[in-house]
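This short report looks at how two chains meet. Have the sequence and the model at hand.

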2 protein chains.
Amino acid sequence: MFDRILYPTDFSDVSMKAVNYVKQLKKAGTKEVVVLHVIDERTLVVPDVFSGVDFMALENELRRIADEQCNKIVEQFQEVGLSAKFMVKKGIPFLDILKTAQEEDVSLIVIGSHGKSNLEEMLLGSVSEKVIRKAVRPVLVVKR
Amino acid sequence: MFDRILYPTDFSDVSMKAVNYVKQLKKAGTKEVVVLHVIDERTLVVPDVFSGVDFMALENELRRIADEQCNKIVEQFQEVGLSAKFMVKKGIPFLDILKTAQEEDVSLIVIGSHGKSNLEEMLLGSVSEKVIRKAVRPVLVVKR
């Protein structure tokens, strides 16, 4: 029932809080955790070719930081005896979360209620709200 | 972390499915479950004093059925060694769920993603969406 967990994270405080809930679920049968970070591709769109921003370098840097953070989280899960791996993807966060849940055939998604971009979420609804609405698996929402 | 669970139910299929998730959480530390059914007071408003509907009798009947159903659920929890009690309230479901979560100081809310009134939910959003948005505790949403 809680066998395999998808844990999407944007490294915000509330998503880090959710790590402890995943750990606790080991006792209820969790064996494996897939840690997922999605780099929002909309932040990587070139608004102006003359803007001078090197988006490739930016993406590489975001990936490097994400790899590092994900690695630390994977270690935390492994320390309590869970099997864990991570993925860093580029896309639209809620869509890639849902897609990964299907592909990895997880039994549960554990997610923070709010991400980093509070203003955008107030206007458009949070990533977690969209995940909850569309997911076919149960979702554990950890609050701030 | 999962010590005390509030399990709100409208006896729909998906909320009955959530019963098994609550049971499974016993292994992760759950000790006590509060089963809550809220009779939607908006269905009990007298639209016309001459309508001939005896709303008091209707409410009593709804309570009798709810008591019976809740009792069966409480027994299911007790069978697996959980301590359980139930409450039947009259009010606005999402508000009374949030209020009870506070009053009973639960550590988690386990709820079905959709209730019985599908049309109303499509128009106004589901009870669980409102609970998730406003809750200060984590919420486990069980899907259809």
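A salt bridge here is a side-chain nitrogen of Lys or Arg within 4 Å of a carboxyl oxygen of Asp or Glu. The side chains of Arg133(B) and Glu129(A) meet that rule, with N to O at 2.9 Å. Across the interface of chain B and chain A, the rule finds two salt bridges. Bear in mind that this is a predicted model.

**Extent of the interface**

On chain B, 22 residues are in contact with 22 residues of chain A. Together the two chains bury about 2,000 Å². Carbon and sulfur atoms carry 64% of that area. Met1(B), Tyr21(B) and Lys143(B) supply 28% of the area that chain B buries against chain A, more than any other three residues.

**Polar contacts and makeup**

Twelve residue pairs are in polar contact across the interface, both residues at pLDDT 80 or more. Three elements of chain B each give two or more residues to the side that touches chain A: α1 (13–24), α5 (127–134) and β5 (139–142). The classes on that side of chain B are tabulated below.

| Class | Residues on the side of chain B that touches chain A |
|---|---|
| Nonpolar | 14 residues |

**Strand pairing between the chains**

How do β5 of chain A and β5(B) pair? They run in the antiparallel sense, over three bridges. In chain A, strand β5 covers residues 139–142. Leu140(A) has Leu140(B) as its bridge partner in β5(B).

Key
Residues are numbered from 1 along each chain as its sequence is written. Chains are lettered from A and ligands numbered from 1 in the order in which they are written. This is a predicted model: local features need pLDDT of at least 70, side-chain atom pairs count only at pLDDT 80 or more; totals for chains, interfaces and linings use all residues. Side-chain values use heavy atoms; hydrogens and water are left out. Contact means heavy atoms within 4.5 Å. Buried area is the accessible area (1.4 Å probe) that two parts lose on being put together, summed over both. A polar contact is a pair of N or O atoms within 3.5 Å; within protein, one must be able to donate a hydrogen and the other to accept it, and residues adjacent in sequence count only if both atoms are side-chain atoms. Helices (H or I, at least four residues) and strands (E, at least two) are DSSP runs, numbered from the N terminus. Ala, Val, Leu, Ile, Met, Phe, Trp, Tyr, Cys and Pro count as nonpolar, Asp, Glu, Lys and Arg as charged, and the others, Gly among them, as polar. Two strands pair if DSSP finds at least two bridges between them.
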